[in-house]
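Hi there,

Here is the structure I promised to pass on to you. Please open it alongside this email, and my notes on what turned up follow below.

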Amino acid sequence: MSHEVKQLTLWTGDHYNEGIGRDDIFDKLREECGVFGVFNCPNAASLSYYGLHALQHRGEESSGICTVEGDNPRNFNYHRGMGLVKEVFTQDVLSTLTGDRSIGHVRYSTAGESKLANAQPLIFKYRDGDLAIATNGNLVNAPEIRQELERKGSIFQTSSDTEVIAHLIARSDKDFVEAARDALQRVIGGFAFLIMTNDKLIVASDTNGLRPLAMAKLGDGYVFSSETCAFEVVGAEFVRDIMPGEMLVLDRDGMREERFAKAERKAVCAMEYIYFARPDSDIHGANLHMTRKKMGQRLALESFVDADIVTGVPDSSISAAIGYAEQTGIPYELGLIKNKYTGRTFIQPSQELREKGVKMKLSAVRKIVEGKRVVMIDDSIVRGTTSLRIVNLLREAGATEVHVRITSPPFANPCYYGIDTPDRKELIASSKTVEEIRKAINADSLYFLSGDGLVDTVGIGNDIEDSGLCMACFNNHYPTPVDESSDKSCSC
């Protein structure tokens, strides 16, 4: 008597994290990627490995490192792969990446673009040698530039925005630095670029500073990162943030601080402060943990409600929940616990089993919430499905009331600068009032942090008109021209 043995597949695709974040039970927003660069530091690949590991939350789908040796800058050494940093880079792989200069990248891709060809850094051969490019962000005019270049004979190997810059540089008859400057002047959007040749490294930020990028000193060299938390890991000393429109040129003669364009209105992505960046990072002088605590405190002042406990949705809302509790005097409790080891939720054969997947990722602590009036702090509401599931988790665990407080204004508009957001029609705040959203998520009350409250707590600008933040996802005021009919999913 034979028995058919069925293979249990815990994920779809060729690798564990392919498509991570898509079709997830929790519809959280996803950052596109993170970059890490090293110049004039021994064992640059190892430094990049630890730096990228610190930036893993910015992209879990693919990673890559490219190095070049100072005394033998003729050839690049590079390795890219699909999956987490610790999976892609073994000790044997790192030992082949010799050099004192490197650029590295972690990536989260949008739908349809999960493939090794788009993993960064992108590597090219051109007339002056080797060229490697890594970026965090999105170029809103990349499709039209791509079409123009294709008409002129360019052949693209990837669907990544980043390749546009490589073609613009390669087609220029100017030297590398001037060609890069011209290319950066042509592109529009939010970006942080690391561009490396055999003897130079260029570091650049878009004219609004939408995507974060910072510089640190390490020995006689420099380190660059999307977030300052990576500097602590490698022992580098923070120097400053890269400013909007700035272009740094590093070579054996040192570092030149230049500009490729005049700075426009500073508009750092507000979601970096609210959700994306690690709480131990600083952006433009504001520490993320302290900033999120202030958001919680401001929420308490704007929307106090009498309750028994305050809890935050892990992990990004914990800091704000602590701030709300401190301001109100209501005890903070771990009412929700996140399971960090589930990976992607299994593709389930029924809705009933799929709903059980919610409890695989997040659990309510019954002994904490049972019989209690709960204030639940979260960072945003996207489609509303996540909030509904978490509110119901708390109710099933015995909470008598669930009051939801959100540390951002209503998220009603899509992002074109490097955040994977649904179309406008899928964003619940684009079509429903706050009261309608409250009913949709089954909450007893609902309040979003005001725009003024967000600006005041972040504290890098003067007022709502000069906030220093990009708040387009809340107020529809984009800092650059955007084509809302274009495919915003084409990004780094």
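Predicted model: local features only at pLDDT ≥ 70, side-chain atom pairs only at ≥ 80, totals over all residues.

If you want to follow the pairing by eye, start with β21 and β22, which pair in the parallel sense over six bridges. Valine 374 has valine 402 in β22 as its bridge partner. Strand β22 (residues 401-406) is also joined to β24, by four bridges, and these two run parallel. There, histidine 403 has serine 445 in β24 as its bridge partner. How many of the six residues of β22 are buried? Five of them are, so β22 is largely enclosed by the rest of the structure.

Next, the other open sheet. Six strands form it, in the order β6-β7-β8-β9-β13-β14, and here the pairing is antiparallel. The edge strands are β6 and β14 (254-259), each pairing on one side only. From one strand to the next, the twist averages 20°. Within this sheet, strand β9 (residues 201-205) and strand β13 (residues 246-251) pair in the antiparallel sense over four bridges. Alanine 204 is a handy landmark there, with methionine 247 in β13 as its bridge partner.

Strand β5 deserves a look of its own. Seven of its seven residues are buried, so β5 is largely enclosed by the rest of the structure. Arg101, Ile103, His105 and Arg107 point one way from the strand, while Ser102, Gly104 and Val106 point the other way.

- Strand β2 (residues 33-39) is joined to β5 by seven bridges, and the two run antiparallel. Valine 38 stands opposite serine 102 in β5.
- Strand β3 (residues 62-69) pairs with β5 in the antiparallel sense, over seven bridges. Serine 62 stands opposite arginine 107 in β5.

Now for a pair of packed helices. At what angle do α5 and α6 pack? Helix α5 (residues 162-171) and helix α6 (residues 176-186) pack at about 135°, with their axes 8 Å apart. That angle makes α5 oblique to α6. The crossing in which α5 passes α6 is right-handed. From α5, the residues Ile165, Leu168 and Ile169 meet Phe176, Ala179, Ala180, Ala183, Leu184 and Arg186 in α6. By class, this contact has eight nonpolar residues, no polar ones and one charged one.

Finally, a few backbone details to check. Most residues other than glycine have a negative phi, and most peptide bonds are trans. Here are the places I would look at with that in mind:

- Glutamine 120 and proline 121 are joined by a cis peptide bond, with omega at about 5°. Proline 121 is found in the loop between β5 (101-107) and β6 (122-126).
- Another cis peptide bond runs from proline 314 to aspartate 315, with omega near 0°. Aspartate 315 is in the loop between β18 (309-312) and α10 (318-328).
- Asparagine 442 is not a glycine, yet it has a positive phi of about 65°. Its place is in the loop between α14 (434-440) and β24 (445-448).
- Asparagine 476 counts as partly exposed, at 34% relative accessibility.

Happy browsing, and do write back with any questions.

Best wishes

Terms used: Residues numbered from 1 in each chain as written. Heavy atoms only, no water. Axes fitted to C-alpha atoms, helices over the stretch in contact; angles between N-to-C directions. Parallel < 35°, antiparallel > 145°, perpendicular 65-115°, else oblique. Left-handed = near helix turned anticlockwise from the far one by under 90°. Contact = heavy atoms within 4.5 Å. Nonpolar A, V, L, I, M, F, W, Y, C, P; charged D, E, K, R; others polar. Buried < 20%, exposed > 50% of the residue type's maximum accessible area, 1.4 Å probe, protein only. Pairing = 2+ DSSP bridges.
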